[in-house]
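Could you walk me through the aromatic contacts in this one? I have it open in the viewer and would like to know what to select next.

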Amino acid sequence: MQYIYTHFKDFKPHKLRFVRQEGNTPIPRFICRDFISLDTETSKTDDLTDAWMYQWCFSYPSIIKDSRLLVYGRRPSELAEALIKIIEVNKLAYHNYQLPIFIHNLSYDYFYFKDYLIQYLKQFYSEEKIIKRRHMLAIDNKKILTFEIMGLWFKCSFRLTNMGLDAWAKEMNTKHKKLVGAVDYNITRYQDTPLYKNDWLYMFRDVITLDEALIEQMQMHHDNNKTIPLTITGYVRRELRREFNSKPRYRREFKDKELSVTTYKLLRSEYAGGLTHGNRYFANKTISVLKGKYKGYTIRHRDFVSHFPSQQRANKAPTSKFSEYYKFNENNTLDIKEVLKLGQRRCVLVTLMISNVEIKEGVTCPILQSSKVKAGRIGDIKSLDLIEDNGRILKMCSGLSTITVNEYDLKWIYKQYNFDYLIYSVYTASKGKYPKYIRDSVDKFMLGKTKYKFIEHQMDKAGISDISPDYVANHKLLMINKGMLNGIYGCTATDPIRISYDEDEQGNWYHTTLNDEDIEKKLKDFYNSEGNFMNYELGCWTTSSARDELLTFVELIGYEHFLYCDTDSIFYLSNDEIEAKIEALNKKWRDIADREKQYIVYEGKKVYYHQFDLEDEDIVKFRFLHAKCYAYVTSDNKLHTTIAGVKKKGRNNNNRVKELGTIDELEQGKKFIDCGGTSCSYINRRPDIVTIDGHEVEVASAAIIKETEKTLKSELNADDSIFSWS
Amino acid sequence: MPRDRYSGGRPRQEQLISQRAVYGLRADSPNYVEKYTRAEIDAINKRYALIANKRLARLEKAELTKSSAAYRYIRKASYSGFEFATAKNRFKTSSRSLDNEDAIEMLYQLHQFLFNTKTSTVSGTKEVNKKKVNEAFKALEEKHQGLLDKVNQFAEDNNIKDRDDMLSSFFNSEVIDRLIELYGSDYVDEIIDGITGSLNLSDGAALDLIEKFLNSTSTYPATPFDFIGAVINYYDRLKKSTNEDDAAAYEMNFTSDNMTYEGWDL
């Protein structure tokens, strides 16, 4: 591909070709066969009070074969001018045309170009028309997936990959790569600051890399502009939908399980993610097996094999519509044991009022979340008096709360706590295997993952370079299958009711609030739409059965030996007896798997789901501060860390392990400067021309990314917010 | 370090065991500069524990047990039976019965509590709270001026003078909590303004009316503006349904400064 550099003044766009988008919309939609890649460069004042765009560039299809134009300029008004040329030539304003413009991290660049674009559009088109042809799709305040205005359809390529442009280009093995480090972002550049070859090269390379990565991505998934999804989960959704549509009965089953407003709300309240917790008796201490109390033990780390897919392949979930089984009645109260018994054969959603909750002696991995208890409190927040352990309840000294749980969580609450309760309502559904199309998809991607992992392993053994074409091609396929396998859970846990976020004319973000009628209507739409096929309750049961398995192993290992767990892995103090117990349970599950055919076969070997595998690590020291903040040392004296909010690779060529130093420094007050994160602040302002440091600058709204340092905190210095709104 | 330094009085700077030494002892690091005998560690623990326990008692007396993260931690430690804590939310005053590792752990915990934790003292907790409150007020000023006016009005109506109490009383009240949950904090002031403006009520009366409305229904309007309309309709319905006397009293109650609803089934 050849690129022709074109200044925006010389830019004379030619008309592009549009094809009809599939679907039964009343007015047919047409989508461009080609796309545009856009990137902007921004600068800010030293005190971070002001920011502006000082350089931009986009690629545009050329009439010359195998070549594209690289259109560039300096000011946002120039970008708006160039985009309006495109609208005019392609008559985007007069037809239902959409021209995709990909921006890597649209949520950032959007704030720099939107004001000028809208202001310029208003000079050419009526306000009514602009409002009619404007559509925002955002997943949260200021988190934009797509933004469409007058046929220009801005799409975020970051959401498509969840990777930085550099990593994505490497993954796609594009011909050109991002010129990382070529431009110093700390230098303030104005719109009239002379730019040098390196500055332009950096900008152009970004756009070319984005172009190439997009083309590669589309080729890899056999996509075009009509079919390319908006987010990474779109790929999985498409695969699952294909399986789902293979048999008409799947749609019938999907619709049969339609949720009512009540059951939807109960499920939303029941849903929780993975269980991440550390044994409070070991928090903020270095556990060493080389000396001291734990000499003679070993520290082991085990991981579940594809934990969430395993639940969906081997465990059970609701297979019918939820119906009311019990409603509170003074003359007929329900005992928790009855509900637990019921839960053995039915899927249960139980709402209960709890008080005087107290953890049983020796339990070090509590399941009851403080956030759920606080959310369901009856009365003022001050009436609740809780003793907490890293977000989980140890004791509820005063107050009442209502919680909704399913049979798995109820079992563990009952096992781990003493408490008073009153059951309000019980809804039940039949319990059975996950739908066949999900199980088949899990099998398919698990087989793919196993196959490509095996091939990669063989290549590693044979000493084949990881940049050789074969290795890269195999790695790509491995990544696709891995992503697909993990993405299935993501699809099942997606809330069927989407809240839409948008920005008003003043630049304030808002979202719609739904009342029961709206929820009912949205649920009806969800189940009637041909595009939807995933029952939300499956996602709820996937995570809860995963928590159940994790806690089963924590209990088996012994609460006193348990160190730390995160969703699908456990660190623990081990000895031969504990290992034997784990292996016995693994064997029991393998036997069940053999009987139920819960495995895949590759090269004549069975690969089982549902196994708790030992990681090949000889850990000699382990230390954690709180959830998602731990470090360990292996016998080769290598330090490994996982700290939420601290990047693996940081600024100034530094990395997390280097910045931590030693395991004992994982301590409250420890500062990570190079590997700390970033924060974003926003300026909301109308387009204007101002003088900054003697430079005339076109300014408008802006997003300013600040580098922040991360200071570790322990419970002693917990900095919890006192007000729910802040 | 001479033993007599640990007897009596508050610890002076030269009496303090350095952080480096505590970390060194705990990590068994060969680099730490000062070395301590077991007896010395026990003596330091005793001295530190007495000071720490006085701080805990003062936090209790000042009713800051919930807002002090340090107190909450000791409460958890006591509840969990950590070696360094007693069952009554206090540090043990003697570490003699503990093994070496636990005694050093106790020294570490005491050191953290006394020297590295702001909320271990009454003034520190108040300072942290004040900082949080100031941050909250700053955020209100910058982003939610209308909401700030409501907080001030609410404080005036309820004769609350302390800035901390002003915020906590306002935001922890159930009705505000519900409004934030339903429509987000951006709309709270608009809702209250809309209702007070349309019905000529004080802020307090409007909040009471909203609370009654929220309790009377399980379906809520989609937008904050529809919500205002629904509350106004609710008010009209109430007025119609009550007899003349009741309506007059009802009206009076809503417009008077002293809002009480005892005996009123709205």
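Count the aromatic pairs over all chains of this predicted model and you get 58. Start with one of them: select B:Tyr48 and B:Phe115. Their ring centres sit 5.4 Å apart with the planes at 75°; since an angle over 60 degrees counts as edge-to-face, that is what this pair is.

Now colour by helix. B:Tyr48 belongs to α2 of chain B (residues 38-61), while B:Phe115 belongs to α4 of chain B (residues 100-115), so the contact ties together parts 67 residues apart in sequence. Are the two partners buried or exposed? B:Tyr48 is buried, at 2% relative accessible area, whereas B:Phe115 is partly exposed, at 32%.

Stay with α4(B) and select the whole helix. Of its 16 residues, 13 are buried, so the rest of the structure largely encloses α4(B).

Then hop over to chain A. Select A:Phe244, A:Tyr250, A:Phe254, A:Tyr437, A:Phe526, A:Tyr527 and A:Phe533: together they make up one aromatic cluster.

Pick A:Lys360 and you'll find it over the face of A:Tyr414, 5.9 Å from the ring centre. Then pick A:Lys431, which lies over the face of A:Tyr408 at 5.5 Å from the ring centre.

Conventions. Residues are numbered from 1 along each chain as its sequence is written. Chains are lettered from A and ligands numbered from 1 in the order in which they are written. This is a predicted model: local features need pLDDT of at least 70, side-chain atom pairs count only at pLDDT 80 or more; totals for chains, interfaces and linings use all residues. Side-chain values use heavy atoms; hydrogens and water are left out. Rings of Phe, Tyr and Trp (its six-membered ring) pair if their centres lie within 6.5 Å; planes under 30 degrees apart count as stacked, over 60 as edge-to-face and the rest as tilted. Helices (H or I, at least four residues) and strands (E, at least two) are DSSP runs, numbered from the N terminus. Buried means under 20% relative accessible area, exposed over 50%, partly exposed in between (1.4 Å probe, protein chains only). A charge sits over a ring if NZ of Lys or CZ of Arg is within 6 Å of the ring centre and within 35 degrees of the ring normal.
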